[in-house]
Structure formats: C-alpha cells, structure tokens
Amino acid sequence: MNGKLVLIGCGPGAIDLMTLRALRRIESADLVLYDRLVNLELLTYVKPGAIYQYVGKRAGDGGRQQTDINLRIREALEAGATVARLKSGDPLIFGRAAEEIDIAEDCGADIEIVPGITSSLAAASDSLITVTERAELQSFIVTTGRTASDQSRPDWVQCVQPGVCVAFYMSVARAWKIQSTLMAAGIPGILPAIWVERAGCDDTRMVSTQLDRLALDAEQNKIKNPAILLLRYPHSLAGALKNSVTSSSQQA
C-alpha cells in the first residue's frame, strides 16, 4: 500500500494565517514532521494515535540533517502512512521541497502540496508595502542572502533593477555583502529598504532604512532571524536620479 506525502505551508507563524485545508490535512496525518519556525499550537490538531516529531534546526547548530528527514519520510511512506510535512511560509519557497518530493515519487506515494503565505508577503503586508505597483513596480523577485556556496549565490545586481521589488530571505548575516555588492555595481545608496523581523507574528518588528545603511541599521537595531529584507526600486526614483545626474553634468 502506498503512503501519501503532504507538504504543508504553515505561513509565517500566526496560526490564523493558515488555510483550512492545511489544518484538515494535519488532522488526517499519521506522522507529522515539523520545522523550527512552525507554530507549536498546530500540534493540537494532530489526531489521537498519530506521531509528531520535531525535525527543525537553526543555522549552524548541526540539528536534524535532511538525509535523516528523508529517511524518516521514506520509512513512513513505505509503511503506507500519510505524512504531513509542516514547513514555515510556503513549502516551495526555500523549503527544500524538491528532495522530499523525490523521495515520495521514488516510493510511488501520492503527493499533495498545500500552499502557505510566504514570509516576504507577510513582511510586505506588515509594513504596508506594495510589491507591485502600476507604473512603478512591475516585478517582484524572491531571492536569498545565504546559499550553500558563493558559486551558487544569486546575481543580486540583476535582481535589483528599476521597476522591481526584491525580497531577501536569510540575509541578516550577509547584509554588508549585499550592500557593498549592489553599491559597487552602481545601485543608488538611497534605495529605500526595510527589515521586517518575525513577519506575520504578533511580535513583528520593522526597521526602515536604505541601501547605504543596510548593514549598519541591522547591527544597531540588532536584527535577528527570521527576518526579511525588502528593497524597492520604483521607476520614479530611477528617473529622478537620472535627471539629477544629467542636470549636474550640464552645470559642470
């Protein structure tokens, strides 16, 4: 008998941002595996007799390794169980979902993905920031400040362009690297930015800043993960800067 893997997006933390489908899938699961940032109140929805297990880790703490999680999922699926894999935010955004989907496919198990509110959109909502805006912002990009290696690092300069709002995940420790890389490429230092700590939670905290103060304001305000960095580069700002440069050149 084949089991079933359900990847569940649990949103940024607040339980009332969960979907009804997510709660119902938790209630029907035989095994519930949950990450560090998942609201523990969700465990009250686990049915009697089902097993729930913490498989989260902090950066650098050597916690539960993905290979161990994959093995646990495989064992349960091969036994015919329904496995609910609880992930913060949305499971398809920096959730390592691909590896777990591969396990389920290899087992011939059914797969369901329940989307959740990703932290970047919760951060935008908390700070009343639009990530797209007619005539100003036509694109919204989600990227990361931390990767497995520098060779796999996203091209931040290509991301931060006029008409784009960019959300950086896992970026607190890389604030100076992001700031210096963008400014060295000519991205204006006055580009508006905001740090949003624990987006979507009751204790969320926001620090408004700009590109040339990114690292300093993060340090002075003791920004801690989980935090999202939002950078907006509206067309009006790009146009104003271009006109300013042209005017200065003509005066010279």
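**Note on the predicted model**

1. Leu17, Ile117 and Leu121 make up a nonpolar surface patch whose accessible area comes to about 200 Å² together. A patch here takes residues with over 30% relative accessible area and no salt bridge, joining like charges within 9 Å and nonpolar side chains (Val, Leu, Ile, Met, Phe, Trp, Tyr) within 5 Å. A salt bridge is a side-chain nitrogen of Lys or Arg within 4 Å of a carboxyl oxygen of Asp or Glu. Areas come from the Shrake-Rupley method with a 1.4 Å probe, and for residues only the protein chains shown count as cover.

2. This is a predicted model, in which local features need pLDDT of at least 70 and side-chain atom pairs count only at pLDDT 80 or more, while totals for chains, interfaces and linings use all residues. Residues are numbered from 1 along each chain as its sequence is written, and side-chain values use heavy atoms, with hydrogens and water left out.

3. Helices (H or I, at least four residues) and strands (E, at least two) are DSSP runs, numbered from the N terminus. With a relative accessible area of 38%, Leu121 is partly exposed. Buried means under 20% relative accessible area, exposed over 50%, and partly exposed in between (1.4 Å probe, protein chains only).

4. The model has zero disulfides, a disulfide being a pair of cysteine sulfur atoms within 2.5 Å. Cys165 is buried, at 0% relative accessibility. Cys107 is buried as well, with a relative accessible area of 17%.

5. There are three aromatic pairs. Rings of Phe, Tyr and Trp (its six-membered ring) pair if their centres lie within 6.5 Å; planes under 30 degrees apart are stacked, over 60 edge-to-face, and the rest tilted. One of the pairs is Phe94 with Tyr169, tilted because the planes stand at 55°, with ring centres 5.2 Å apart. This pair links distant parts of the chain, 75 residues apart: Phe94 is in the loop between strand 4 (82-87) and helix 3 (97-107), and Tyr169 is in strand 7 (residues 164-169). Phe94 is partly exposed at 42% relative accessible area, whereas Tyr169 is buried at 9%.

6. The rings of Trp156 and Phe168 also pair, with centres 6.4 Å apart and planes at 65°, so this pair is edge-to-face. Trp156 belongs to helix 5 (residues 156-159) and Phe168 to strand 7, so the pair ties together parts 12 residues apart in sequence. Both Trp156 and Phe168 are buried.

7. Which residues of helix 6 (residues 175-184) are buried? They are Ala175, Ile178, Gln179, Thr181 and Leu182. Their cover includes helix 5, strand 7, strand 8 (192-197), helix 7 (214-220) and strand 10 (227-233), where contact means heavy atoms within 4.5 Å. Just after helix 6, Gly186 has a positive phi of about 95°.

8. Some backbone points deserve a look. Met170, although not a glycine, has a positive phi of about 50°; Met170 lies in the loop between strand 7 and helix 6 and is partly exposed at 29% relative accessible area. Arg198, also not a glycine, has a positive phi of about 55°. Arg198 is in the loop between strand 8 and strand 9 (205-210) and is partly exposed at 32%.

9. The peptide bond from Asn225 to Pro226 is cis, with omega near 5°. Pro226 is in the loop between helix 7 and strand 10.
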